[in-house]
Amino acid sequence: MSNQGTKFEDKCNILTDLWLSYRSDPKFEDFVSYNDIGLPLSFITSEKIAKPSDMGKQLINETFDLLLGALGIPEDTGFEDLEEILIEGGE
């Protein structure tokens with residue numbers, strides 16, 4: 001982990017992984033429901049289907065910050081994958 005924070009590309013990949021792997025998981029039901037735009041937008045970005053606008057990037061960044069908050073992670077220390085976040089968050 002670095003002290004730079006998570007790279008935007010990694011944020012998109014992490015959120016995509018969460019959305020595809022856990023969208024039916026009851027633990028993430030509220031998070032997935034609330035982030036019904038940020039998660040699919042992360043998928044579209046990570047799969048290079050489209051490039052996000054500045055507003056889209058802001059929405060993805062906010063969705064990522066909400067994920068860290070939901071898992072009780074106080075600081076973005078530079079994550080590279082979902083597994084790392086889930087371990088840090090105690091899931």
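This briefing describes the overall build of the protein and then turns to a few of its residues.

The structure is a predicted model, and the protein in it has five helices and zero strands. Read from the N terminus on, its elements run α-α-α-α-α. The radius of gyration is 12 Å, which agrees with the value near 12 Å that a compact globule of 91 residues would have.

**Overall build**

- Along its principal axes, the C-alpha trace of the protein spans about 35 × 30 × 20 Å.
- Of the 91 residues in the protein, 36% are buried, and several residues discussed below, including Ile-60 and Leu-67, count as buried.

- In sequence Ile-60 is 52 residues away from Phe-8, while in space the two are 8.5 Å apart, taken from C-alpha to C-alpha.
- Leu-67 is also found in helix α4, and with a relative accessibility of 0% Leu-67 counts as buried.
- Between Leu-67 and Ile-85, which are 18 residues apart along the chain, the separation of the C-alpha atoms is 9.1 Å.
- Gly-56 is another residue in helix α4, and because its relative accessibility is 8%, which is under the 20% limit, Gly-56 counts as buried.

- Ile-14 is found in helix α1, where its relative accessibility of 1% makes it count as buried.
- Ile-14 and Phe-43 are 29 residues apart along the chain, and their C-alpha atoms are separated by 9.4 Å.
- Asp-17 is found in helix α1 as well, a helix that covers residues 8–22.

**A charged patch on the surface**

- Asp-17 gathers with Glu-80, Asp-81 and Glu-83 in a patch of negative charge on the surface.

**An exposed loop residue**

- Lys-48 is found in the loop between α3, which covers residues 38–46, and α4, which covers residues 54–70.
- With a relative accessible area of 66%, Lys-48 is exposed, because exposed means over 50%.
- The backbone of Lys-48 has a positive phi of about 60°, although this residue is not a glycine.
- Most residues other than glycine have a negative phi.

Conventions:
Residues numbered from 1 in each chain as written. Predicted model: local features only at pLDDT ≥ 70, side-chain atom pairs only at ≥ 80, totals over all residues. Heavy atoms only, no water. Patch = residues over 30% accessible without salt bridge, like charges linked within 9 Å, V, L, I, M, F, W, Y side chains within 5 Å. Areas by Shrake-Rupley, 256 points an atom, 1.4 Å probe, with all protein chains shown as cover. Salt bridge = Lys/Arg side-chain N within 4 Å of Asp/Glu carboxyl O. Lys, Arg positive; Asp, Glu negative; His and termini not counted. Charge placed at Lys NZ, Arg CZ, Asp CG, Glu CD. Helix = DSSP H or I, 4+ residues; strand = E, 2+ residues; numbered from the N terminus. Rg over C-alpha atoms; globule rule 2.2 N^0.38 Å. Buried < 20%, exposed > 50% of the residue type's maximum accessible area, 1.4 Å probe, protein only.
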